[in-house]
Amino acid sequence: MKALLITGSLAEKAVKRYAKESSVETSVLALKVPVAALLSPEQIVKALTKRGVEDFDVILVPGLIRGDTAVIADSVGKPAFKGPRYAADLPTVLDALGRVQLSTVTPACDLLRDELRQKALRELDAVEKNRDALLKKPGNMLIGELAIGKDFPMRVLAEIVDAALMPNDEIQRLAKHFVKAGADVIDVGMVAGESRPSDAKRAVEAVKKAVDVPVSIDTLDPAELKEAVAAGADLILSADAGNLEQIAPFAADVAVVIIPTNQREGYFPQKAEDRTRFLEEIMEEARALGMKRLIADLILEPSNVLESIIAFRDFAARNPDVPVFVGVSNVTELFDADSVGVNALLARLSSEANASILLATEKSSKAKGTVREEAIAAKMMFLAKRRGSVPKDLGIDLLVLKDKRKHEEAYDKALEADAQVTMADEDSEPATVDPQGVFRITVDRNAETIVALHFATAEADKPNNIIKGKTAEAVYAKIVETGLVTRLDHAAYLGSELAKAEVALKTSKEYIQDRTLFKGLLSSS
């Protein structure tokens, strides 16, 4: 099979480069329009009529052009379809020719979304498999057995906030939960203003027994840092001008995050230029003291975000081979906005500053899910940078509360012509209690399940049946099967509440029975 690829002048080189990755024979025709998306089927027909297409089996046009490519096929006598939106996806689309029916109106990347996801995962996996070779390049290093640096996706460090105050089983539960969500490093958070060396040691040991990822210790206290390193901590978070000399004797063989402060003297430069130079001075001193694996953290301030980002950018430009740590959750935790968008944007900015590690915390309710969000965002930004594209149509995404494209069918008001239309009353009467009993719906966050507690009477203080499941459908099907509901209004009510519980479980939204799940911008008030 031989394919003719149509594009604009700006994308010609990229299209030719990516087309070579496929086994399909191709030829590229770049029309005299800079942006391929501005091409029209009529322009393409005119160009193809002059050129001739007898030698080709199929024609692929840019996925972003408007219109139906059937016009092209009808005019030149060859099958013509919409290709992908971005050149990076051409190999997947070309290799799918003959086994996937492409469309004249829908971009091929939409049809091959699963293919694109697998391509993204393979691309990420290839980087990890090439770890040893990449580690020889400047700017990359190991934390334990984890490779970090500019040639790898940003890694997510998940902090167990106030771990020193927790029992071991809770520390281990959170460590396992964060690793499952995508964390690459587990951070033991200590208590500011207190010195608890024995708790630092205990917490690090607990984490190392629970998960097989590097462990960091989050404190400036030298005594806590010393005990944590002795217990096997792989990363010190953090060192500054005030504790550098004290931690040097035991910090030579671990990675160390350096921050531009002197906490003992209460000094922290506010201007980006001062912050950058002060951090460079501290890092130079750290190297003189024998510390080899240094990571820079310019400190992302929630009240001074722009100046902080400038400091990160300037430091990275001046020190391209020094890995950078960005405390993303410093901002996320203090923004009254859904974390998924905040984390995605901060991950993009961090990527542009060549960050290697992102901090994730889930201390507040609104930040729940941050570890997973940052883990996905880190992969997205790595793929976008690697492909030279925006973080869009990558095969993986962070679209949670909204959809990328509209697929729902528009309501046809003409259906009302011959039907009786009744507007439901929002203030309906409470349902009559089901003779089989009542249900209390809740969610088990740890087990990630919906729970329906069945009480024989409204006055009962203990449930006589408990139905658990991952989805609303699974739970209500079991309720019906066991005969615990007999009234239609009660069944409808249960279905509504179980669906709300499922959405809450998936989005980390708070679920309280009989309370509206979403409010705020969705409210007319």
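Author: We shall proceed from the overall fold to single residues. Please keep in mind that this is a predicted model.

Reader: How many helices and strands are there in the protein?

Author: The protein has 18 helices and 17 strands. Its C-alpha atoms fill a box of roughly 80 × 75 × 40 Å along the principal axes.

Reader: What percentage of the residues count as buried?

Author: A residue is called buried when its relative accessible area is under 20%, and exposed when that area is over 50%. By this reading, 47% of the 525 residues of the protein are buried.

Reader: Which residues make the nonpolar surface patch of about 300 Å²?

Author: That patch is made by V400, L401, V503 and F518. One of them, V400, is in the loop between α16 (370–387) and β15 (438–444). V400 has a relative accessible area of 40%, and therefore counts as partly exposed.

Reader: How many salt bridges does a search of the whole structure find?

Author: To read a salt bridge, look for a side-chain nitrogen of Lys or Arg within 4 Å of a carboxyl oxygen of Asp or Glu. The search finds 36 of them. In one, the side chains of E25 and K2 meet with an N to O distance of 3.8 Å. This pair links distant parts of the chain, since E25 is in strand β2 and K2 is in strand β1 (residues 2–8), 23 residues apart.

Reader: Are E25 and K2 buried, exposed or partly exposed?

Author: E25 is partly exposed, at 47% relative accessibility. K2 is partly exposed as well, at 22%.

Reader: Where do E128 and R155 lie, the two residues that meet in another salt bridge?

Author: The E128 and R155 side chains meet at 2.8 Å, N to O. E128 belongs to helix α6 (residues 113–129) and R155 to strand β7 (residues 155–160), 27 residues apart. E128 is partly exposed at 30% relative accessibility, whereas R155 is buried at 6%.

Reader: In which helix do D199 and R202 both lie?

Author: Both lie in helix α9 (residues 197–210), three residues apart, which is about one turn of the helix. D199 counts as buried at 16% relative accessibility, and R202 as partly exposed at 22%. Elsewhere, salt bridges that share partners join R85, D110, R113, K392 and D393 into one network.

Notes. Residues numbered from 1 in each chain as written. Predicted model: local features only at pLDDT ≥ 70, side-chain atom pairs only at ≥ 80, totals over all residues. Heavy atoms only, no water. Helix = DSSP H or I, 4+ residues; strand = E, 2+ residues; numbered from the N terminus. Buried < 20%, exposed > 50% of the residue type's maximum accessible area, 1.4 Å probe, protein only. Patch = residues over 30% accessible without salt bridge, like charges linked within 9 Å, V, L, I, M, F, W, Y side chains within 5 Å. Areas by Shrake-Rupley, 256 points an atom, 1.4 Å probe, with all protein chains shown as cover.
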